[in-house]
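Colleague: I have some questions about the terms used for this model. Can we go through them one by one?

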Amino acid sequence: MLANIAWFLSGLTALIVGAEVMVKGGSRLAARLGISPIVVGLTVVSIGTSMPELAVGVVAAGQGSGALAVGNIAGTNVVNLLLILGLSAVMAPLVLQLRTIRFELPMMAAAALLLWALAADGVMSRVDGAILLTGAVAYTAAVILSARRESREVFDEFSDEYGHVATVAVRNQTLRELMMLVGGVALVVAGADWLVDGAVGMAREFGVSDALIGLTVVAIGTSAPELATTVVSTLRGDRDIAIGNLLGSSIYNIALILGVTCLVPAHGLLLPSSLVRIDIPIMVIVALACIPIFITGRRVSRGEGIAMVTAYGAYLVFLLATQT
């Protein structure tokens, strides 16, 4: 048991540190190469903070644990939308940009509904993965096209957050950023291997399912980069950017991360019935519930934030009561 816990904690630490280093290196390198700051924020950073989920999913799929791979995605999105967004609103009322409501919010809801439809037969096949990846490409293209139409105020805000290094043309700095990117990826990959080994070992020790471990412990752990980013942005007053990235990360978790994961096993990811009938629908309900919360006054109040965190607590109690 202690060995499994040690592997899990070591893997989680490597995932968090690796994701942070990778996001910093990748966003600065992209900005230096002249990529729009808005595109950097909504794609490079969103994908970067989802890399722990990708690494965990690929490793789990390779080991035949489709329940852990898909459960991690479903659980992570619930963590993102209830726990992290809720905590951010509790810290201070959350004012949303119009582009978040018009663009990221419907895209996130559509991605959740698509996953529900594809998982209905209990198997996430390579064809399903290709469909999800096509959605990821379409979403990225939409981000790039919408970035061209952003107002100067929004562009300047993203420039302050992600584009400030583009004017520093120093070869050594570019090399350092490239090394950060590569090193971060290496840490994430190694950490995912350790974390999955530890998580599966703990599941066996406690006699619980891989899906439950993925929905709870692994989901919360791999959401650490999103949580850290959102809390820091809240303290700095850049929360509209952070929330856009959080929703973008939720979209990429399904479309890109799960899409790639589905391509790993030849016969697809086999899903337990509880994941198909209960856990994925709960993720969809949470995504759809965000729509009225977000569009009402374009803000999330402290009261709504408290309700979201409370709902996540109730969700955990429900999981423990029904799946142990």
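Modeller: Start with helix H9, residues 210-222, in this predicted model. Its end C-alpha atoms span only 15 Å. A straight helix of 13 residues would span 18 Å at 1.5 Å a residue.

Colleague: What makes you say there is a kink in H9?

Modeller: The axes fitted on either side of a residue give the bend there. In H9 the bend is about 30 degrees, centred on Thr 216.

Colleague: Why is H9 called largely enclosed?

Modeller: Buried means under 20% relative accessible area. In H9, 11 of the 13 residues are buried, so the helix is largely enclosed by the rest of the structure. Among them are Leu 212, Ile 213, Leu 215 and Val 218.

Colleague: Why is Cys 262 called buried?

Modeller: The cut-off is under 20%. Cys 262 has a relative accessible area of 0%, so Cys 262 is buried. Cys 290 is at 2%, so Cys 290 counts as buried as well.

Colleague: How do you know how many disulfides there are?

Modeller: A pair of cysteine sulfur atoms must lie within 2.5 Å. By this rule the count is 0.

Colleague: What about the protein chain as a whole: how many helices and strands are there?

Modeller: The chain holds 13 helices and 4 strands. Of its 324 residues, 55% count as buried.

Colleague: And which part of the accessible surface belongs to carbon and sulfur atoms?

Modeller: The surface comes to about 13,200 Å², and 69% of that belongs to carbon and sulfur.

Definitions and conventions: Residues numbered from 1 in each chain as written. Predicted model: local features only at pLDDT ≥ 70, side-chain atom pairs only at ≥ 80, totals over all residues. Heavy atoms only, no water. Buried < 20%, exposed > 50% of the residue type's maximum accessible area, 1.4 Å probe, protein only. Helix = DSSP H or I, 4+ residues; strand = E, 2+ residues; numbered from the N terminus. Areas by Shrake-Rupley, 256 points an atom, 1.4 Å probe, with all protein chains shown as cover. Expected span 1.5 Å × (residues − 1). Bend = angle between axes of the 7 residues up to and from the residue.
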